[in-house]
Amino acid sequence: MMTPSFERFDYQLRSNKNIERKLVFDLLLTGRQRFNFRTYRYMGLGSMWFADHRLAHRMLGIDNLVSIERAIHAGRAEFNKPYLSVGILPGDVSEVIPKQGKEYWQTPTIVWLDYDGLLQTEVALALEQLLGLLAANSVVIVTVNAVRRAYVRKGRADERTVATITDILGDVIPASSKPTPTPGGANRDISEKDFPSVLARSLLAFLDHKTRTSGRTDAGANFRFVPLYNLGHKDGADMITVGGALATASTEADWRDLLIKDRVLPNHNADPTYCCLDMVPLTLKEKITLDELLPQANGGALLAQAELKGLKLDHDQIAKYERYYRHFPMFLETPF
Amino acid sequence: MTSESTAETPARVVHATPTKDFFVEMMTKDISLTDCILDLIDNAIDGARRTVGSGQEVSFAGFSVTVRFNAQSFSIEDNCGGIRLSDAIDYAFHFGRRPDAPDDVRGGIGLYGVGMKRAIFKIGRYGTVDSHAEDASYSVIVDVDGWKADPKDWDFKYEDIASKTPHGTKIVIDRLAIEVAQAFEDTVFVNALIKTISRDYAFLIQKGLAIVVGDVRVPSAAYNLRTSVDITPAEEIFVDDGVSVRLTAGLLGEIPDVIPDELRFEQIERFGWYVICNDRVVLAADKSTRTVWGNDQFQVWHPQYSGFAGFAFFYADDQRKLPWTTTKRDVDLGSSLYLRTLARMKELTRPFIDYTNQRKGALEEAKEFERIAERYEVRSRAPTAIIGQQASFPRLGPRSPEPEVTISYRRPKREVDEVRSQENDLSLSAKEVGVRTFLYYRKMELGK
C-alpha cells in the first residue's frame with residue numbers, strides 16, 4: 001500500500017500549495033461583510049497538519065472545525081489537532097457524509113476535499129452527496145491529482161483520458177476542449193499540457209450540473225453553483241483545485257462579486273479562468289530583493305529593476321512573483 | 001333528440017374550439033427541449049432539400065445551420081433558402097397542416113406544421129423569424145404573451161426587411177423559460193445536444209451539411225460495421241408501399257468476454273437497432289420492444305449482445321409514408337410497413353444471437369476472427385455482403401483442450417481500489433485486479 005502523503009512531507013512546506021491555500025481563504029475573506037462565516041462550519045481533510053483548518057479559524061473566525069480522516073489514522077489526527085474545537089470524523093468521505101443527519105447539514109459549511117490522489121468515482125460521489133446536502137451559501141472545494149498519465153487506461157478499448165474523465169464525471173468535458181478526431185477518423189486525446197486545465201473545467205462543469213439536477217430550491221428558485229476557484233499548482237506533480245458556492249437567486253450576484261473584485265484570481269465575466277501556480281522556490285535573498293522592489297506603482301518596471309539588482313530569475317518567474325508575492329511563503333529552519 | 005336549435009331551446013352542442021393555451025402550455029410539455037431544437041434544424045434541412053431535390057444520393061455541401069444560445073437568448077440561422085413569404089402567410093405559421101397546403105418537400109423531414117411554433121413556445125416568450133427567400137425578405141414577430149392575450153386573433157404580424165443573400169432563415173428567441181435558460185448554461189446539456197445532432201444527422205452531415213453549435217462544428221457520428229471473409233453483415237433491400245427500405249446488420253464493436261457487475265450506459269450505448277427515415281435517425285441503438293428486443297416473444301436485449309448493430313433505412317419522397325411519429329423520436333408501431341419490416345429485422349438479428357452463444361465456448365478463436373474483420377461505413381454496402389443474405393459468422397472449434405475453472409471471490413471495494421492505485425490504473429476492472437493478484441501469487445510463490 002502506498003505510504004500516506006502526510007508521512008512523506010509536511011503539507012505546509014510546499015510553496016505553491018501554500019499560496020493556493022491563502023488565495024482560497026483570501027477570496028472568502030473579502031465576502032465576510034455579506035456572509036457571516038463565523039457561523040459556518042469548516043470541513044476538510046486535515047491530515048496531521050490541519051493547515052487549512054488553521055486558516056479557516058484565523059482568517060474567517062470559524063470555530064466549528066471538522067476533519068475527516070481514515071479510521072486507522074483518526075487517533076493520530078485527534079492527537080495532532082491544533083484547536084479544541086476540531087472534531088475528527090473517522091472514515092472515508094463518501095461514507096462519512098451521508099451518515100450525518102439532515103440537522104447537521106443545516107449549518108452552512110465550507111468543505112475542502114483536499115485529496116492528494118487521483119480523481120476517482122468515490123470523489124465524484126462525495127461531491128454529489130455534498131451538493132445534495134449542503135445548506136445554501138455553502139462552499140465546495142476539491143483538490144485532486146491532475147497528472148495526465150495516471151488517467152490513461154492501459155489495455156482498455158478506449159485508453160484516452162477523455163474516456164476516463166467521462167467514466168468518472170459523465171459527459172462534462174466542454175465541447176471546445178474535446179480533441180477533434182484526426183482526418184483519418186482516429187480519436188485524439190487531451191495533451192499533457194492541457195490536461196490539468198481541462199480536468200479542472202470538467203470538474204467545475206460536473207459541480208454545476210449536479211447542482212442543477214439536484215432539484216434543490218430556495219424561495220422557488222433552483223440553487224446555482226457559482227464557480228470561484230479554477231486553480232492548478234505544481235510542487236512536483238500537477239494538482240488542481242476547483243470549487244464554488246452553492247448560491248441562491250438572492251445571493252448569486254454577491255458570490256460572483258467576490259471574484260469580480262478579487263485582485264489576484266483571474267476571471268472572465270465572473271467565471272474563473274485557469275490559473276496555474278508553478279513558481280520555483282526562491283532563496284531568502286531573492287525574496288527580500290524582490291520584495292524591496294514591490295509593489296510597483298505603474299507595473300512593468302520590475303523586470304528591469306530586478307536585473308539591475310543582479311537577480312538571475314526567468315522573466316516569467318519574476319512576473320508571477322509580482323502577482324503572488326503577498327502570499328509567497330518562506331520556509332526557514334529554526335533550532336529548538 | 002336533435003342538436004338543432006329553435007327559438008326556445010339552445011343548440012345542443014359541446015364546444016371544441018381550441019385555446020391558445022393548449023398550444024403554448026400543453027403541446028410543449030410533450031416534447032423535450034432537444035427535440036424542439038431538432039425540429040428547427042429539420043425545417044432548415046427541408047429548405048436545403050428543396051434546392052438539392054429528392055433522392056438518396058444528393059449532396060448538401062454548402063448548406064449550414066448554426067445554433068447559438070446562452071442564458072438570455074437562443075438563435076438558429078441557416079442559408080437553406082428561407083421560407084417564401086407566400087408560404088409564410090398561408091401555411092408555415094398555421095397550426096397544423098391545412099388541407100390546401102402545397103405538397104411537402106420531396107424526401108423531406110419536416111412534418112405536420114407544428115415544429116417551429118412549438119419550439120418557440122417551448123424555448124421562450126418572444127421570437128423573431130427573419131426570412132430571406134426568393135420572393136421576399138420579411139420578419140415575423142411572435143410575442144407569445146401578447147398573442148395569447150387576444151383569444152380571437154390567431155395571426156402574427158410581419159414586416160418587410162432589407163433583403164440579404166444567401167437566402168435563409170434566422171430565428172431568435174428571447175425571454176427564455178427558466179428551465180431552458182438553466183439547460184443552456186449546463187455543459188452536460190450542451191454536450192448531449194451536440195452528441196444527439198451528431199448521431200441523428202450523421203447521414204446528412206456525411207452528405208456535406210454543416211451544423212454548428214456555438215463554436216463547435218458538429219462531427220458526424222461514425223456508423224461502422226465489420227466485415228471479413230468469415231464475418232459478413234446481413235443486407236436486404238426492398239420497396240414496400242412506395243418506401244425504399246434497406247436493412248443491414250452485423251458486428252459493430254467488441255463483444256464482451258464477461259458482463260461486468262456495474263454496466264455503464266457508455267459501454268453499450270452504440271449497440272442495438274437504428275431506424276433512419278430520409279437520412280434522419282429516428283431510433284438510435286434501440287434495445288427495446290420498439291425494435292426487435294422483447295417484441296412479440298423475441299429475446300429481450302441482454303448485455304451479451306453488445307457488439308451488435310442493425311440499421312433500418314427508410315426513404316420516401318412522401319415523408320407521410322414513413323413509419324415515424326410527430327416528434328421524429330419514435331417509430332409508429334401501428335404502421336403496417338414497419339411491422340412487416342420488423343419481422344425481417346428479427347430474422348437478421350438471430351444469427352448474431354446464435355453466434356454470441358456459440359463464441360462462449362471458443363472465446364480466443366472468436367476474438368481472433370473478430371479482430372481481423374475490417375470496419376466499413378454502413379451507408380455503403382460491405383464488399384462481402386450479398387443482398388438478400390443473412391449475416392454470417394465463423395464456425396468456431398471446440399473448447400480449448402486445457403480445462404479452465406472460474407475463480408470468484410468478494411473483497412471490500414476499498415481494498416480493490418488500493419490495488420488499482422498501486423497499479424496506477426484506476427480503471428482496472430475487478431476481474432483484472434483478481435487476475436493480476438493471482439498471477440502475482442504464482443510468480444512470487446511458485447516462481448511461474
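Predicted model: local features only at pLDDT ≥ 70, side-chain atom pairs only at ≥ 80, totals over all residues.

Residues are numbered from 1 along each chain as its sequence is written, chains are lettered from A and ligands numbered from 1 in the order in which they are written, and side-chain values use heavy atoms, with hydrogens and water left out.

**Stop 1: where B meets A**

Select chains A and B together. Here 25 residues of chain B are in contact with 28 residues of chain A, contact being heavy atoms within 4.5 Å. How much area is buried between them? About 2,300 Å², with carbon and sulfur atoms giving 44%; buried area is the accessible area (1.4 Å probe) that two parts lose on being put together, summed over both. Now pick out B:Gln182, B:Asn191 and B:Leu426: on the chain B side they lose the most area to chain A, together 24% of what that side buries.

**Stop 2: pairs across the gap**

Zoom in on B:Glu185 and A:Arg212, whose side chains meet in a salt bridge (3.4 Å, N to O). The term means a side-chain nitrogen of Lys or Arg within 4 Å of a carboxyl oxygen of Asp or Glu. Between chain B and chain A the count is two salt bridges, plus seven residue pairs in polar contact, both residues at pLDDT 80 or more. A polar contact is a pair of N or O atoms within 3.5 Å; within protein, one must be able to donate a hydrogen and the other to accept it, and residues adjacent in sequence count only if both atoms are side-chain atoms.

Which elements of chain B give two or more residues to this side? They are α7 (187–200) and α12 (413–422), and α12(B) gives the most, with six residues. Helices here are DSSP runs (H or I, at least four residues) and strands are too (E, at least two), numbered from the N terminus.

**Stop 3: two helices of chain B**

Select residues 336–358 of chain B, helix α10: its 23 residues reach 34 Å from first C-alpha to last, close to the 33 Å expected at 1.5 Å a residue. That expected span is 1.5 Å times one less than the number of residues. Look at B:Thr349, where α10(B) bends by about 25°, with B:Pro351 following within four residues; the bend is the angle between axes fitted to the seven residues ending there and the seven starting there.

Next, go to B:Gly447, which follows α13(B) and has a positive phi, near 65°.

**Stop 4: backbone details**

Most residues other than glycine have a negative phi, and most peptide bonds are trans. In chain B, find the cis peptide bond from B:Thr165 to B:Pro166, with omega near -5°; B:Pro166 sits in the loop between β5 (158–160) and β6 (168–176). Over in chain A, another cis bond joins A:Leu294 and A:Pro295. Finish at A:Ser47, whose phi is positive, near 55°, in the loop between β1 (41–44) and α2 (51–60) of chain A.
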